[in-house]
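Please read the account below alongside the sequence and the coordinates, moving from one chain to the other as the text does.

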Amino acid sequence: MAAPKRGRSASAQSKPGRSLAFILIAIVALTGGMFASGHTTPRLGIDLAGGTSITLQAKADQGSAINKANMDTAVDIMNRRVNGLGVSEAEVQTQGTSNIIVNIPKGTNSEEARQQVGTTAKLYFRPVLASEPSTPAGQSPSPSPTSSPSGSPSPSGSPTASGEKASSSSASPSASATTQGRAVTDALKADSNPSPSATPSTSASATPSAPASDGTDGGTAALQAAYTKLNCAKASERATAGQNAKPGEPTVACGQINKVWYKYLLGPSAVDGTEVKKAQAVYDTQTAAGWQVQMNFTSSGAKKFADITGQLAQKQQPQNEFGIVLDGEVVSSPYVSQSITGGQAEISGSFTQEEAQSLANVLSYGALPLSFKEQSVTTVTAALGGEQLHAGLLAGAIGLALVVVYLVIYYRGLSLVAMASLVTSAILTYVLMSLLGPAIGFALNLPAVCGAIVAIGITADSFIVFFERIRDEIRQGRSLRPAVERAWPRARRTILVSDFVSFLAAAVLFIVTVGKVQGFAFTLGLTTVLDVVVVFFFTKPLMTILARRKFFAQGHKWSGLDPKSLGAKPPLRRTRRPAGPAAGSVDPKEA
Amino acid sequence: MSKLGNLGARLHHGEISYDFVGKRKIWYGISILITITAIVGLAVRGLNMGIDFQGGAVFTTPKTSVSVAQAEEYASQAAGHEAVVQKLGTGGLRIQIAGMDTGKSDATKAELAKDLNLNPEAINADLVGPSWGEQIANKAWEGLGIFMVLVVIYLAIAFEWRMAVAALVALIHDITITTGIYALVGFEVTPGTIIGLLTILGYSLYDTVVVFDSLKEQTKDITRQTRLTYSDIANQSINGTLVRSINTTVVALLPVAGLLFIGGGFLGAGTLNDISLSLFVGLAAGAYSSIFIATPLVADLKEREPQMKALKKRVLAKRAQAAAEDELVGSRSVAAGEPEDAAAAVVGPRNQPASRGRGRGRPSGKRQ
């Protein structure tokens, strides 16, 4: 009880109305914002709403580092895949440094989603049957010859030749609309040490050689029509073009080359992405050809690759190209000038370093720059989700009721202040949670509900610290108004120090931990901050105002501030004077 | 209220007080005993690690008439691993299968659904890879470490290093006791438990900080008086904030109790239950340690300071003198007034030394 000097802050006392108005405006504004944004309830997590939540952990065994860039790429790609399943509400996010969480709302085929998400390679080499740029203008249906997909050397050919022969209808749903500028490529040539041997294509059948076998049925026409209609300049069409295409069947696809969107009619997959053993970006110092991507194939891949390149090399533009198709999108379409055997090839063109590395990444790991391992899969039915939400709310209500009962019994009239503050705090928490859903993707899950309930205690503790301080001052014989003003600065410091410790714990947990712990830590941190706001801008001003009321000031039996039952000293009459300043100056005067 | 309020008043005026600091050896002893028990428990029995730490699956079914024993048999057959089945408050079953591969889960789930005559869509599945729990635990340890370092730095700045050390000891004490209880009782450890445990971090310190805050305030001018030693004031601080500590602890425990009741009684098991159980145990330990361990420890550390030693000597000398002069002789507990007054006492020597008069407190304070 030292330091009475810096006891009061006159300003806080004199303008309690202003603080109250401030917090009222803040509440109204936030609530208004909440209704305006249309998100009037907090977004529920999978465990409360039902659905499937998959946690994947990156493995660092593929030679590519687990860093932010790689994780972001992976998230981006997974997002495309999952949302390609036809649900738009799936969400993919990183958590911690090496985890990715995929949340799929109920009603989706979670098993398919699981397969999609974890798959590393969805990369295919498909021969190009036809290709042309899509003009942003709109429909440019006429398949007229245009410039080649690859910026430079290979002048692209007329798509006409091949079109008719493809089969199977494949246009299907899904996949993202993300535009990712990918490398332009042009020449694909044999590696420096080619064994220019023949290895003539033995397996003529399996490999595409576009036209070939299957061109007769109705699928052909459908695919051709789809190709004709396809306008890759439109994001919405790109999103659906060629998704869910079976590797063994021809398909349409889009690809962006030099910022121009091209559409492709592609044959069945010739080589699978998994058959690429390794790919890397290298800078060709000898021929000054700039950045190149070198590929090594597995032995079976090498054979297939030799076959397909052998066939393609004899064709015209653009049918001497093959599309490197990643998750339904053509990322590169180099042309082939000769059969490439020996399992080693390089793609050259006017790559920047980044483009080359990005392409190399795609070739090495399929879609994902990292490989992932399923850490946990939680499937919650809507029924159980609802039950858990119900239980959480019930627990909260019981907890709140117990606290209120305790406060009423112990603090009587004062508990009104505490309850009003708790209500304020609850409103703020609810509104902020609702707003944070769309803003930062906050989803209320069970641990978060738990955190909010635990926070009732933390918030109420602040009031207790304050009230006990006021009571201490009253016990010393002060009347209420000076007691409030003297108690505040000390209570304030205690509240700040202890809330800071709480917040520190929440912040550390939030940053360091993964999984459910994070949701819990977030709520705890949020409510701790709100606690400080409420105590400063609501509880204290309200207390100051109430201290002027007779009921409290005169220590009514039910006010919770009855000096007698608090065991105050015989009242020092003279201290009952203009509150704040007097309190401090009492001592010297009475000396 | 009035009784507790009176208690608060009497504690406040120092009419009654408990000598926490003086009897600290007893409490240290008790704590050491509990801690040893906890450690032995941990070493001998170990923790009952939940499915999240071994990898496996937990299936939760809606209400079903299949008996527990039967379900266990079905599940073991379907998964090829031992299954543990619990009946839930909702009438459903909770089927735990340890060591199951995440890849096999869908097949198992389908088979289980068939056996139990349920729609597979209605079964909740929680599949966990073997390293997931480990990852959570490792992260938690990391968080714990970082938090401890930060909080010690913060407390050392906000208060002083001795308090930081004492708070840290109290914190470790709480965590040890909580894990010990988990080991001894055999509660299952899940990620939820870890969440609860980590929350104790902030919460256990809350009480400690409240006491330290009051202690810091009251000992500010300690060297300017000769009536009370550091330990005396520390004891006063504890007593003065005792009602507050009790209230904050009770109020913190009430919502957790609500959670525990609902989580344990209604849902039977799961996150709510796990979090609240460890919170409950930890909060109780935290309240105990901030009063009985942390503050006496600060006093102990403080009393080693030469300054405080000198003060103690002066105080004891003065007390001896007073005792000789005056039969009244204040026992330590009687001397529980305001340190403010204590400070004043130096300035205003006319103040009667430790006497019943302290009970009425204020007048002397005003006499400066």
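Residues 140-157 of chain B are 100% helix and 0% strand, and their end C-alpha atoms are 25 Å apart. Helices (H or I, at least four residues) and strands (E, at least two) are here DSSP runs, numbered from the N terminus. This is a predicted model, in which local features need pLDDT of at least 70 and side-chain atom pairs count only at pLDDT 80 or more, while totals for chains, interfaces and linings use all residues. Residues are numbered from 1 along each chain as its sequence is written, and chains are lettered from A and ligands numbered from 1 in the order in which they are written.

UniProt positions are given in the numbering used here, feature names are shortened, and annotations may be inferred rather than shown by experiment. Residues 275-299 of chain B are likewise 100% helix and 0% strand, with end C-alpha atoms 34 Å apart.

Chain B as a whole holds 15 helices and 6 strands, and of its 368 residues 54% count as buried. A residue is buried if 20 or more other C-beta atoms lie within 10 Å of its own, exposed if 12 or fewer, and partly exposed in between, with C-beta atoms placed from the backbone. Among contacts in chain B between residues at least 6 apart in sequence, 76% join residues at least 24 apart, where two residues are in contact if their C-beta atoms, placed from the backbone, lie within 7 Å.

Within chain B, helix α6 (residues 132-158) and helix α7 (residues 161-185) pack at an angle of about 145 degrees, and their axes are 7 Å apart. Axes are lines fitted to C-alpha atoms, for helices over the stretch in contact, and angles run from 0 to 180 degrees between N-to-C directions. The contact draws on Met148(B), Val152(B), Leu155(B) and Ala156(B) from α6(B), and on Trp161(B), Met163(B), Ala164(B), Ala167(B) and Leu168(B) from α7(B). By class, the residues of this contact are 9 nonpolar, no polar and no charged; Ala, Val, Leu, Ile, Met, Phe, Trp, Tyr, Cys and Pro count as nonpolar, Asp, Glu, Lys and Arg as charged, and the others, Gly among them, as polar.

Which part of helix α9 (residues 230-240) of chain B is buried? The helix is mostly covered, with 11 of its 11 residues buried, and among them are Tyr230(B), Asp232(B), Asn235(B), Gln236(B) and Gly240(B).

Confidence in chain B averages a pLDDT of 75, with 82% of the residues scoring at least 70; pLDDT is the predictor's confidence in each residue, from 0 to 100. Among the elements of chain B, helix α2 (residues 24-44) has the highest mean pLDDT (88) and helix α14 (residues 357-360) the lowest (41). Over residues 329-368 of chain B the pLDDT stays under 50, and the model has 88 contacts beyond four places in sequence for this stretch.

Turning to chain A, its secondary structure comes to 18 helices and 15 strands, and 55% of its 591 residues count as buried. Among contacts in chain A between residues at least 6 apart in sequence, 79% join residues at least 24 apart. For this chain UniProt, again in an unreviewed entry, lists "transmembrane region" at residues 389-409, 416-440, 446-467, 495-514 and 520-539. Residues 389-409 of chain A are 100% helix and 0% strand, with end C-alpha atoms 30 Å apart, and residues 520-539 of chain A are also 100% helix and 0% strand, with end C-alpha atoms 26 Å apart.

Two residues of chain A deserve a separate look. Arg412(A), found in the loop between α11 (382-411) and α12 of chain A, has a positive phi of about 45 degrees although it is not a glycine. Arg412(A) counts as partly exposed because 19 other C-beta atoms lie within 10 Å. Ile511(A) lies in helix α14 (residues 480-512) of chain A and is also partly exposed, with 13 C-beta neighbours inside 10 Å. The C-alpha atoms of Ile511(A) and Phe522(A), 11 residues apart along the chain, are separated by 9.6 Å.

Chain A averages a pLDDT of 70, and 68% of the residues score at least 70. The pLDDT is below 50 over residues 1-13 of chain A, a stretch with 32 contacts in the model beyond near neighbours in sequence. For the model, the scores are ipTM 0.74 and pTM 0.65.
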